[in-house]
Amino acid sequence: MQTPKIIPLTPSHAVPETMPGLPASWPKNAPSYFHVLSKPSGATCNLDCTYCFFLSKEKLYPNSRFRMSDEIESQRAPEVTIAWQGGEPTLMGLDFFNRAVELVHTYARPGINIQHTMQTNGILLNDDWCRFFNEHHFLIGLSLDGPQAMHDTYRVDKGGAPTFQKVMRAARLLQEHKVEFNILTTVNAASYRLSSASTSRERLAFKRATRSPSAL
Ligand code: SF4
C-alpha cells in the first residue's frame, strides 16, 4: 500500500488549535468532510416492521446493553456530519442527546461546521424533542411508507398494531416547531399493490402532511 504523502499545514488545511495527540502535519489526501454514522442504541427499536433487516442484529451481541459508550474523538475536517440512526435513536432519551450535543460543542474545534441529522420512526417525538431539534438545527428523516394502508402493511409496533397515525402526529409536530425534515419511504410490494387503491383524498392528505408535492 502506498504511504500517504504528508505535507505541512496550509491555510486550507490549517488546524486553528494544537490538539494533544494530533500530528503537526496533515495528509494531502485528508478529507474535507467527515461523516459519522452513529447508532447509539444499536439495533434496538420500539417498532417491529415486518420487513426490517436490522432488528435481528441484536442477536449478534447477546450480552450488550446496546447503549453508546462515553468515548468521543475529535475530528479535524472543517465539516462534520453526525447522522444519528438506529434501530430507533430516540430510545436513548432526550437527556442523552442534550449531553451529546453539549459534548460536541465542547470538543469541536473553533470554526468547524457541525450538522446533526437523525433518522427516526417518529413514535416518541413530542414537543420537547421538536424544540430540541429546532434549537440545534437537526435535519430529521421521518420513516413513513405512504398513505395509511401502505404504511400500516409493514410498519407495525411490537404488538402488531399499526403506526400510521402516530407517525403523522410526529410529522405535524415537526411542522409546528419548524424542524427541517424529509420523509424516508420504503417502496415495497404494498406500495405497488395499494397505489391504485388509495383515494385521491388520502393522497392529498399525505402530501399536505408531509409537504411533499411529488409524493405518490
Ligand atoms: S423502525 Fe422499523 S425498519 Fe426501522 S429499525 Fe425499527 S423495526 Fe426496523
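Let's start at valine 167: skipping neighbours within four places in sequence, its contacts are Asn121, Gly122, Leu142, Leu144 and His151. Two residues are in contact here if their C-beta atoms, placed from the backbone, lie within 7 Å. Before going further, a word on what you're looking at. This is a predicted model, so local features need pLDDT of at least 70 and side-chain atom pairs count only at pLDDT 80 or more, while totals for chains, interfaces and linings use all residues. Residues are numbered from 1 along each chain as its sequence is written.

Buried means 20 or more other C-beta atoms within 10 Å of the residue's own, exposed means 12 or fewer, and partly exposed is in between, with C-beta atoms placed from the backbone. Helices (H or I, at least four residues) and strands (E, at least two) are DSSP runs, numbered from the N terminus. As background, nonpolar side chains in soluble globular proteins tend to be buried together.

Now take H4 by itself. Its 13 residues reach 18 Å from first C-alpha to last, close to the 18 Å expected at 1.5 Å a residue; the expected span is 1.5 Å times one less than the number of residues. Which residues of H4 are buried? They are Phe164, Val167, Met168, Ala170, Ala171 and Leu174. Looking down the axis of H4, these buried residues fall within an arc of 155 degrees, so they line one face of the helix. The arc is that of the directions from the helix axis to the C-beta atoms. On the other side of H4 you'll find Gln165, Arg172 and Glu176 exposed.

Lysine 178 has a positive phi of about 55 degrees although it is not a glycine, and it sits in the loop between H4 and strand E7 (181-184). Lysine 178 is exposed, because 9 other C-beta atoms lie within 10 Å. Histidine 137, in the loop between H2 and E6, likewise has a positive phi of about 55 degrees without being a glycine. With 11 C-beta neighbours inside 10 Å, histidine 137 counts as exposed. For context, most residues other than glycine have a negative phi, and most peptide bonds are trans. On the peptide side, a cis bond joins glycine 86 and glycine 87, with omega at about 10 degrees. Glycine 87 is in the loop between E4 and H1.

Tyrosine 33 stands opposite glutamate 79 in E4. E4 is also joined by six bridges to strand E5 (residues 113-120), again running parallel, and there the bridge partner of glutamate 79 is asparagine 113. How does the chain get from E4 to E5? It crosses through helix H1 (residues 94-107), in a right-handed β-α-β crossover. Right-handed means that, with the strands pointing away from the viewer, the path from the first strand over the helix to the second runs clockwise.

E5 and E6 pair in the parallel sense as well, over four bridges. Methionine 118 has isoleucine 140 as its bridge partner in E6. The chain crosses from E5 through H2 to E6, and this β-α-β crossover is right-handed.

Threonine 185 and aspartate 145 are 40 residues apart in sequence but 4.6 Å apart in space, C-alpha to C-alpha.

Stepping back, the protein has six helices and seven strands. Of its 216 residues, 23% count as buried. Among contacts with a separation of 6 or more, 74% come from residues 24 or more positions apart.

Methods: Two strands pair if DSSP finds at least two bridges between them.
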